[in-house]
Amino acid sequence: MELFDKIKTLMSFPPLASEHGKQMDDFIIYIHLLMGVLFVGWFAYFLYAIFRFRKSNNPKASYTGVQGHFSTYAEVAVAIAEVILLVGLAIPLWAKVVDAEKFPSEKDKPLVIRVTAQQFAWNFRYPGKDGAFGKQDMKFFAPDNRFAIDKNDPNSKDDIEAPTNLMVVPVNRDVIVHLSALDVIHCFKVVPLRVTQDVIPGLMIPSHFKATKEGKYMITCAQLCGNGHATMRGNLYVLSKADYEKWEADITAKAKGTATSFE
Ligand SMILES: [Cu+2]
């Protein structure tokens with residue numbers, strides 16, 4: 001809608017690069033419109049009340065007050081509008097991003113990535129050709145195995161660990177990230193994707209998005225996680241399908257010690 005585009009420009013919305021992000025932006029605008037109506041409406045009512053009940057016109061206080069029901073109706077209307085926004089829009093939108101049961105199924109071939117946050121960097125692990133991750137268990141933890149991967153699990157053989165702070169996804173393909181942390185609470189935030197999800201040690205939290213625009217975007221940490229919090233930045237590259245496949249092949253070869261780095 002043209003009005004919405006104008007409001008987005010007026011409110012300096014950041015560039016948008018994900019499928020569900022449009023709904024999120026629209027939702028923010030609905031809330032602002034409702035708040036705008038409330039602001040103007042209640043302020044007008046306030047001014048009216050000051051004028052209507054001014055002292056010169058009401059020298060003697062009335063102990064019964066106004067008997068009408070206008071403000072009750074207005075309150076109920078506002079509550080209904082808020083319930084519609086919450087139940088009709090906010091909850092379904094939230095579910096789309098974080099409810100694993102509503103994620104795209106296997107047949108849509110989502111790309112699944114494990115994201116591990118740490119002070120102060122992002123680690124990305126890809127399942128490789130077989131699409132399955134190797135088992136993880138704390139008992140496998142060692143200085144050279146920080147993510148506690150079972151190296152004897154056949155599924156772990158072709159898993160790919162991307163260089164630190166580098167995440168690469170193909171455009172227009174569903175991506176499911178499983179988020180966890182090595183140390184403290186972090187928060188995975190990519191503004192152009194309209195994705196923000198807390199990352200908590202001991203939990204594996206899923207989140208879903210589909211990038212719709214190729215480009216390089218910044219991944220930031222949105223929880224104050226320590227004195228290096230502000231430097232906790234990652235790069236997200238959204239590539240065409242062909243470029244992504246090339247990168248995947250390249251990084252797989254690199255893991256075997258032959259190819260050059262992506263950047
Ligand atoms: Cu952090």
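## Copper site and chain layout in a predicted model

Leaving aside residues up to four places away in sequence, Leu 182 touches Thr 116, Ala 117, Gln 118, Arg 146 and Phe 147, where contact means heavy atoms within 4.5 Å. The model is predicted: local features need pLDDT of at least 70, side-chain atom pairs count only at pLDDT 80 or more, and totals for chains, interfaces and linings use all residues. Residues are numbered from 1 along each chain as its sequence is written, and side-chain values use heavy atoms, with hydrogens and water left out.

Leu 182 is placed in the loop between β5 (174-181) and β6. Strands here are DSSP runs of E with at least two residues, helices are runs of H or I with at least four, and both are numbered from the N terminus. Leu 182 has 37% relative accessibility and counts as partly exposed. Buried means under 20% relative accessible area, exposed over 50%, and partly exposed in between, with a 1.4 Å probe and protein chains only. From Leu 182 to Met 11 the C-alpha distance is 37 Å, at a sequence separation of 171 residues.

**Copper ion**

The copper ion has as protein donors His 186 (ND1), Cys 221 (SG), Cys 225 (SG) and Met 232 (SD), at 2.1 to 2.5 Å. Donors are N, O and S atoms within 2.8 Å of the metal (3.2 Å for Na, K and Ca); water is not among the atoms, so sites may look incomplete. The angles among the four donor atoms run from 90 to 124°, and the site is tetrahedral, a label that four donors receive if all angles lie between 85 and 135 degrees. The spacing of the donor residues in sequence is H-x34-C-x3-C-x6-M. His 186 belongs to strand β6 (residues 186-190) and Met 232 to the loop between β9 (215-221) and β10 (233-239), so the pair ties together parts 46 residues apart in sequence. His 186 is buried at 0% relative accessibility, and Met 232 is buried at 1%.

**Whole chain**

The protein chain contains four helices and 10 strands. Their order along the sequence is α-α-α-β-β-β-β-β-β-β-β-β-β-α. The radius of gyration is 25 Å, well over the 18 Å that the globule rule gives for 263 residues, so the chain is more spread out than a compact globule. This radius is taken over C-alpha atoms, and the rule is 2.2 Å times the number of residues to the power 0.38. Along the principal axes, the C-alpha atoms fill a box of roughly 90 × 40 × 35 Å.

Of the 263 residues, 37% count as buried. Among contacts with a separation of 6 or more, 66% join residues 24 or more positions apart.

The domain assignment gives domain 1 (2-98) and domain 2 (102-255); such bounds come from an automatic or database assignment. The C-alpha centres of the two domains lie 39 Å apart. In domain 1, 16 residues are in contact with 17 residues of domain 2.

**Backbone features**

The peptide bond from Gln 119 to Phe 120 is cis, with omega near 0°. Phe 120 sits in the loop between β1 (111-118) and β2 (121-126). Two non-glycine residues with positive phi are listed below.

| Residue | Phi | Location |
|---|---|---|
| Asn 165 | about 65° | loop between β3 (160-161) and β4 (166-170) |

Conventions
Four donors count as tetrahedral if all angles lie between 85 and 135 degrees; four count as square planar and six as octahedral if opposite donors are over 155 degrees apart and all others between 65 and 115; anything else is irregular.
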